[in-house]
Amino acid sequence: MNTEYTGFQHEMEPALRLIAMPSDTNPSGDIFGGWIMSQVDQAGAVVAAQRTQSRIVTVKVTDFIFKEPVYVGDLITCYGKIEKVGNTSITVKVVVVAQRNKYEKDYIKVTEATVVYVAVDEDGKPMQIGK
Ligand SMILES: CC(C)(COP(=O)(O)OP(=O)(O)OC[C@H]1O[C@@H](n2cnc3c(N)ncnc32)[C@H](O)[C@@H]1OP(=O)(O)O)[C@@H](O)C(=O)NCCC(=O)NCCS
C-alpha cells in the first residue's frame, strides 16, 4: 500500500468529494478507471470555471497515472490546482486521494492527472480569459 499522503492539503483546493459505490464497478467488483477519469475531469472543471467565470471545454488530459486501486466504500476527494492560465486555455493539476476508512485520516493518493480546458463563448469558440 502507498504511504500516507498529506502534501496536498495546503496547496490544492478540494473540488469534489464522493464515495465509490457498487454501481461504479466492473463485473469483477473493481472500480472502473473511467469512473475516476470522469471525476477528475469534473473536479478540474470546477477549479477552472471558478477562475474563467465562463463556459469551458476539456481539450486535453495528460499524465494520467493510476497509482493505487479504488475500492467500494472509499471516500474519494479530488483536489485541484491551477498550473497555468493562457490566453484562452487553463491548465489544472488534479490529485485524487482515497480514505479507505472514512473515519480516519489515512489519505492514499490513488490518481493524478493534468487537464487543459479552453474558455469558450456561446458559439463554442475560444474566448480570452480575464486577468
Ligand atoms: C477546444 C476547442 C474550442 C479549441 O478550438 P481551436 O480552434 O483548436 O482553438 P485554438 O487553436 O485557438 O486554441 C485555443 C487554446 O486551446 C489550446 N489548445 C488547443 N489544442 C490543444 C491541445 N491539443 N493541447 C493543449 N492545448 C490546446 C491552445 O493552445 C489555445 O490556448 P491559449 O489561447 O491559452 O494559447 C476545440 O478544439 C473544441 O471545441 N474541441 C472539443 C472540446 C470538447 O468538446 N471537449 C469535450 C469532449 S467530450
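Modeller: Start with the side-chain contact. An oxygen atom of the ligand lies 2.6 Å from an N or O atom in the side chain of Thr 88. At Asn 87, a polar backbone atom sits 2.9 Å from an oxygen atom of the ligand. Thr 58 also uses its backbone: one of its polar atoms there is 2.8 Å from a ligand nitrogen. As for cover, the ligand on its own has 960 Å² of accessible area, and the protein covers 41% of that. Bear in mind that this is a predicted model.

Now the shell. Around the ligand are Val 57, Thr 58, Val 59 and Lys 60, then Gly 86, Asn 87, Thr 88 and Ser 89, and also Val 118, Val 120, Gly 124 and Pro 126. Two strands, β2 (55-66) and β5 (107-120), each supply at least two of the shell residues. The top contributor is β2, with four residues.

Asp 74 belongs to the loop between β2 and β3 (75-85), and Arg 100 to the loop between β4 (89-99) and β5, so the pair ties together parts 26 residues apart in sequence. Asp 74 is buried, at 2% relative accessible area; the cut-off for that word is under 20%.

Another salt bridge pairs Glu 112 with Lys 109, at 2.7 Å from N to O. Both Glu 112 and Lys 109 are buried. By their numbers, these two residues fall within the range of β5 (107-120), one of the strands that supply the ligand shell.

Mean pLDDT for the protein is 91, and 92% of its residues reach 70 or more. Confidence is lowest in strand β1 (residues 13-19), with a mean of 94, and highest in helix α1 (residues 33-52), with 97. Where pLDDT is low, the predicted coordinates should not be read in detail.

Technical notes:
Residues are numbered from 1 along each chain as its sequence is written. This is a predicted model: local features need pLDDT of at least 70, side-chain atom pairs count only at pLDDT 80 or more; totals for chains, interfaces and linings use all residues. Side-chain values use heavy atoms; hydrogens and water are left out. A residue is near a molecule or strand if one of its heavy atoms lies within 4 Å of it. A polar contact is a pair of N or O atoms within 3.5 Å; within protein, one must be able to donate a hydrogen and the other to accept it, and residues adjacent in sequence count only if both atoms are side-chain atoms. Accessible areas come from the Shrake-Rupley method with a 1.4 Å probe; for residues, only the protein chains shown count as cover. Buried means under 20% relative accessible area, exposed over 50%, partly exposed in between (1.4 Å probe, protein chains only). A salt bridge is a side-chain nitrogen of Lys or Arg within 4 Å of a carboxyl oxygen of Asp or Glu. pLDDT is the predictor's confidence in each residue, from 0 to 100.
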